[in-house]
Structure formats: C-alpha cells, structure tokens
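Me: I want to learn how to read helix packing and core contacts in a model. Can you walk me through one?

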Amino acid sequence: MSFLGELDERPIPQVRERFERMYKAIRDRICLLEYEPGARLSEEELAREFGVSRTPLRRVLSRLESEGLLESRHGVGTFVTDVDIDALLPVYRLRMELAELIGKLDPLPRSSADITRVKSLLHRCDELTKNPDPKAFARLNMEFFGELAAMTGNAPLRAISERLYFLTHRIWLKSVPHLNLPDEFVVFRREMADILAAMEVGDLEAVGHIRRSHISMSVKRMQIFAASKTPKG
C-alpha cells in the first residue's frame, strides 16, 4: 500500500509526527551544511529514503522554502539557499529583541528534569573543548536552543523564534574557518552556564537578557569575519 493510502488509515497525530520527522531531518541537514548552499535536492532520492510518495515530501519542501532554507526554480528543481551575514542583519536584530521576550511572555518554569538536560549539554560542551569539532558544536547549539524553545510558553513567539534561528544558524558554520574555535567554545559555555544558573533560581527573565547579549556578541564576531574577507580597495 502506498503512503497516500496509509494516510487514510493512520491516526492524524501519527501522520503529523512523520511529517515533522522528515521536516526536521532535512532542516537539520541544511543547517549543519550537510546540504551545502546551492545544492540541488533530489525529490526522488528523498522520497525513497523516507519511504513516502512525492506528495507529502513536497509539503515538507514547501514549508522549508517558506522559511527561506530552500528555493524552488520552476522546471529546474529545488535548491538550498545561501546565507550572508549582512543580508540577515535585520533578522539578527529581530532575534535579539525577541530573545528578551522569552522570559517575559508566559515562560514555562523549568523542572528538575529540564535542569538536568541543560546540565548534560554543559557537560558535553566541556567534553567538546578537548577536541573541538565545528559540526558537533553546531549540533549542541541546536539542542541548547531546543531547551530555550521549550521554555517559551507563548506559541507565536516560539514559532517565529524557531524560524529565525534556523534561518541564521548556518552563518556561524560558514564562518568557522576564520574564527577562533576554542574562544567560540568558551563564549558558548559561558552563555550556557549563565542561563543554567538563571534557570536554577527561577529567574527566567534573566534568561532572555543573557540570550540577547550573546546573540549580539556572536553577530559582532561574525561581522568582523565578514569584513576580513572584503578585499581592500
């Protein structure tokens, strides 16, 4: 039986769960540069990999296109978009403003299990500093963002924050060859530790302020990288 035929028999939550799995898998590959900017995605190969027809796959690709991660060219195919720090500066500015709101608009109190997960991420960060790996670092950053998203009780705020985060995530990975990776780990660890401390005492508003300042500093470091690439005229 085809996937489309199965859709009629499966409970709606199960269909949505499969859609989300496909969406997150492809999104993460884009954000970790496993699908490089400019790469053409093969619908046939992806449909075969996920065991679905092209119809549900195209819904996933359409969503990723609406979020700025893919570009559909009529009669040619679907391609991964590129990212540029200067073009996305307005997005970063908005992310900074939204960061402060995560601790103000219906934040969800952190449980002991939540705190334990963040402590585990901090421990993984310490382990990574012994053998820095950019992609592992980027994945850790994504998981840490997931913890912040889980704290965001305001649904519209969470949705737009997630969209903007994944839109800009690749810029850091592209900048890695020109950044001081050990220093990047130190800065990120400090952010995680400070946010963990704020979560432990229940000061969720402070979480937003800490997050905002670190986004700002990250942008400044990447702007310096971008300027270093500009030919001196």
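Me: Which residues in H6 meet which residues in H9?

Reply: First, a caution: this model is predicted. On the H6 side, the residues are Ile115, Val118, Lys119, Leu121, Leu122, Cys125, Asp126 and Leu128. They meet Phe185, Phe188, Arg189, Met192, Ala193, Leu196, Met199 and Glu200 in H9. Sorted by class, this contact holds twelve nonpolar, no polar and four charged residues.

Me: How do I describe the geometry of such a pair? At what angle do H6 and H9 pack?

Reply: Two packed helices are described by the angle between their axes and by the distance between those axes. For H6 (residues 112-128) and H9 (residues 181-200), the angle is about 160 degrees and the axes lie 10 Å apart. An angle over 145 degrees counts as roughly antiparallel, so H6 is roughly antiparallel to H9. Their crossing is left-handed.

Me: Now take H6 and H7. How far apart are their axes?

Reply: The axes of H6 and H7 are 11 Å apart, at an angle of about 165 degrees. H6 and H7 are therefore roughly antiparallel too. H6 passes H7 in a left-handed crossing.

Me: What residues make up that contact?

Reply: H6 brings Asp114, Arg117, Val118, Leu121, Arg124, Cys125 and Leu128. H7 answers with Ala136, Phe137, Leu140, Glu143, Phe144 and Glu147. The class count is eight nonpolar, no polar and five charged residues.

Me: On to the core. Which residues in the largest nonpolar core touch the most other members?

Reply: That core has 70 residues. Ile26, Leu41, Leu46, Phe144, Trp172, Met199 and Val207 touch the most other members. Helix H7 (residues 134-151) gives the largest share, nine residues.

Me: Pick one of them. What does Ile26 touch?

Reply: Leave out residues up to four places away in sequence. Ile26 then touches Tyr35, Leu41, Leu46, Phe50, Leu57, Val60, Leu61 and Leu64. Of these, Leu41 and Leu46 are also on the list of core residues that touch the most other members.

Me: Is Asn141 buried or exposed?

Reply: Look at its relative accessibility. Buried means under 20%, so Asn141, at 17%, counts as buried. Asn141 sits in helix H7. With residues up to four places away in sequence set aside, Asn141 touches Tyr165, His169 and Phe188.

Me: One loop, then. Where is Asp82 found?

Reply: Asp82 lies in the loop between strand E3 (77-80) and helix H5 (89-101). Check sequence separation against spatial separation. Asp82 and Glu36 are 46 residues apart along the chain, while their C-alpha atoms are separated by 8.2 Å. Not counting residues up to four places away in sequence, Asp82 touches Pro37, Arg170 and Lys174.

Methods. Residues numbered from 1 in each chain as written. Predicted model: local features only at pLDDT ≥ 70, side-chain atom pairs only at ≥ 80, totals over all residues. Heavy atoms only, no water. Core = buried A, V, L, I, M, F, W, Y, C linked by side-chain atoms within 4.5 Å. Buried < 20%, exposed > 50% of the residue type's maximum accessible area, 1.4 Å probe, protein only. Helix = DSSP H or I, 4+ residues; strand = E, 2+ residues; numbered from the N terminus. Contact = heavy atoms within 4.5 Å. Axes fitted to C-alpha atoms, helices over the stretch in contact; angles between N-to-C directions. Parallel < 35°, antiparallel > 145°, perpendicular 65-115°, else oblique. Left-handed = near helix turned anticlockwise from the far one by under 90°. Nonpolar A, V, L, I, M, F, W, Y, C, P; charged D, E, K, R; others polar.
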